[in-house]
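Colleague: I would like to go through this model with you, point by point. Please give the cut-offs as you go.

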Amino acid sequence: QAVHGIPVERLHHAPTLADVWPQLLPYLHRQAVVAHNSAFDVSVLEYSCRDFGVPIPAFHCLCSVKLARVAWPQLERHKLDHVAAHFGIPLNHHDALSDARACAEITVRALQSGAKIPLSYKQR
């Protein structure tokens, strides 16, 4: 709520993670998942799964921050908003869908950059 600016009123009747887990799991379990600063996002997912009593999915994780650092070491910062701005990628920062689209675009550009990116999946 604080990070994304979602009004508290919208959260009171929102479904819990356990409620939506059957719909989310196919997008995670045994899939390639990309996140900007994936260590943070994966830790939040794992703690949330434990808190709501749902199984932690097994998935392969790529970090677009790490990809950006390898592809464009000359950039002063590799935070999502900075990399997106550098490439003119539209971003409404901390809007989940906008962040996801920017992360995806950064990942594709990094993989197409010609940089020697060590792709070793870390299965969660």
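Colleague: How many disulfides does the count come to?

Modeller: This is a predicted model, in which local features need pLDDT of at least 70 and side-chain atom pairs count only at pLDDT 80 or more, while totals for chains, interfaces and linings use all residues. Residues are numbered from 1 along each chain as its sequence is written, and side-chain values use heavy atoms, with hydrogens and water left out. A disulfide is taken as a pair of cysteine sulfur atoms within 2.5 Å. By this rule the number of disulfides is zero.

Colleague: Is Cys 63 buried or exposed?

Modeller: Buried means under 20% relative accessible area, exposed over 50%, and partly exposed in between, with a 1.4 Å probe and protein chains only. Cys 61 has 11% relative accessibility and counts as buried. Cys 63 has a relative accessible area of 10%, so the class of Cys 63 is buried.

Colleague: Which residues does Ser 38 touch, not counting residues up to four places away in sequence?

Modeller: Ser 38 is in helix α3 and is buried, at a relative accessible area of 9%. Contact means heavy atoms within 4.5 Å. With residues up to four places away in sequence left out, Ser 38 touches Cys 61, Leu 62 and Cys 63.

Colleague: In what order do the elements of the chain run from the N terminus on?

Modeller: Helices (H or I, at least four residues) and strands (E, at least two) are DSSP runs, numbered from the N terminus. The chain has six helices and three strands. From the N terminus on, their order is α-α-β-α-β-α-α-α-β.

Colleague: What share of the contacts in the chain with a separation of 6 or more comes from residues 24 or more positions apart?

Modeller: The C-alpha trace spans about 45 × 30 × 20 Å along its principal axes. Of the 124 residues in the chain, 30% are buried. Among contacts with a separation of 6 or more, the share from residues 24 or more positions apart is 62%.

Colleague: How are α2 and α3 oriented to each other?

Modeller: Axes are lines fitted to C-alpha atoms, for helices over the stretch in contact, and angles run from 0 to 180 degrees between N-to-C directions. The axes of α2 (residues 17-28) and α3 (residues 38-52) come within 11 Å and cross at roughly 135°. Angles under 35 degrees count as roughly parallel, over 145 as roughly antiparallel, 65 to 115 as roughly perpendicular and the rest as oblique. The orientation of α2 and α3 is therefore oblique.

Colleague: How do the residues of the contact of α2 with α3 divide into nonpolar, polar and charged?

Modeller: From α2, Leu 17, Ala 18, Trp 21 and Leu 28 meet Leu 45, Ser 48, Cys 49 and Phe 52 of α3. Ala, Val, Leu, Ile, Met, Phe, Trp, Tyr, Cys and Pro count as nonpolar, Asp, Glu, Lys and Arg as charged, and the others, Gly among them, as polar. The division for α2 with α3 is seven nonpolar, one polar and no charged.

Colleague: Which residues make the contact of α5 with α6?

Modeller: The axes of α5 (residues 80-87) and α6 (residues 96-112) come within 10 Å and cross at roughly 65°. By class, the contact has seven nonpolar, no polar and two charged residues. Those of α5 are Leu 80, Val 83, Ala 84 and Phe 87, and those of α6 are Asp 99, Ala 102, Cys 103, Ile 106 and Arg 109.

Colleague: What is the phi of His 94 near?

Modeller: His 94 lies in the loop between α5 and α6 and, at 35% relative accessibility, counts as partly exposed. The phi value is positive, in a residue other than glycine. Phi of His 94 is near 75°.
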